[in-house]
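Please have a look at the sequence and the 3D view first.

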Amino acid sequence: MKLAVLGPGALGCLLAALFHEAGADVSLVDYRPERVARLRLQGIQVHTLEGGHRVIKAPIGLGPEVGPCDLTIVAVKAYQTETAARALPGLMSRGGLALTLQNGLGNLEAIARIVGSQRLLAGVGLLGVTRQDEGRIIYAGKGVIYLGAPAGSRVSGMEVAAVADLFRRADLECQPREDIEAVLWEKLVINVGINPLTALLRVPNGVLLQLPEAFEVAVAAALEAQAVAQAAGLTLSGDPVARLRQVCANTAANRSSMLQDILAGRPTEIEALNAQVAARGRSLGLPTPVNDLLTLLLRAAAQSAPFQVG
Ligand code: KPL
């Protein structure tokens, strides 16, 4: 099976490196020729928390150089999905699959607008991986990847199982799920609580447990998201507040992806997270004042960067 991983961020680099090490026919795909040249030269550098360090020379190329693949994994930030999806028609072979392993909502729809929904897969990754620099990542913790065929997809259970096997051969725990949309929402419920609060307050995830007011806001955002999911007909498992607490504790030292984006001056994924909850709540007649406000604050935080003092 020929694979492409679209996007040389933290997750994209990790997947390309692990698939390559497992002997898969994989290429990391980027759209910037200068970065492709640099990454080819330096390889993907994977660091672990235990001090491990390896350099993996997985093939890296522009979309047209890589050509049609049986499976293309979309691993770009949510705000890049529209642009990245334009490479998919050239990367998906006839009958090829596209799998989004991105945060938030709206990615499936953006990809389906370009290549349709029949050959789409959705996934949720709970891996701890951080981008340190171009092509340099810290693989902080193994975690499970859930995969499934979302609404509108015609991908069969056997095909999902084959993709899950591919991940397992690359030493990645992977479980097929029939309720993948609920799984996407379960992660979203956590992200809409932790990500904006840690980004606004510039604290690691675990600190939210020591700041009662901040945690209260995170809980309120998560509960609104849970209510929207339920109103949309999804059944989410577990208690969202307990899960929020557990994720803050389990990832205590982690800088959330949104905090990393803010610190690096990059756009954030607020539009795929809290803004999606707010928009979907609005269309269901469900008020989401906390998600509305967090969306505005994160947009304002991004706009205020050039004017900040100190
Ligand atoms: O998914 C995450 C993110 O940072 O985007 C969490 C689970 C909050 C871990 O940092």
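Helices here are DSSP runs of H or I with at least four residues, strands are runs of E with at least two, and both are numbered from the N terminus.

This is a predicted model, in which local features need pLDDT of at least 70, side-chain atom pairs count only at pLDDT 80 or more, and totals for chains, interfaces and linings use all residues. Residues are numbered from 1 along each chain as its sequence is written, and side-chain values use heavy atoms, leaving out hydrogens and water.

Helix α8 bends by about 35° at Asn191, the bend being the angle between axes fitted to the seven residues ending there and the seven starting there. Just after α8, Arg202 has a positive phi of about 55°.

Now to the open sheet: its 8 strands follow the order β5-β2-β1-β6-β7-β8-β11-β12, with mixed pairing. Two strands pair if DSSP finds at least two bridges between them. The edge strands, β5 and β12, each pair on one side only.

| Edge strand | Residues |
|---|---|
| β5 | 60-62 |
| β12 | 174-176 |

Strands β8 (residues 120-125) and β11 (residues 145-148) run antiparallel and are joined by 4 bridges. Ala122 stands opposite Gly148 in β11.
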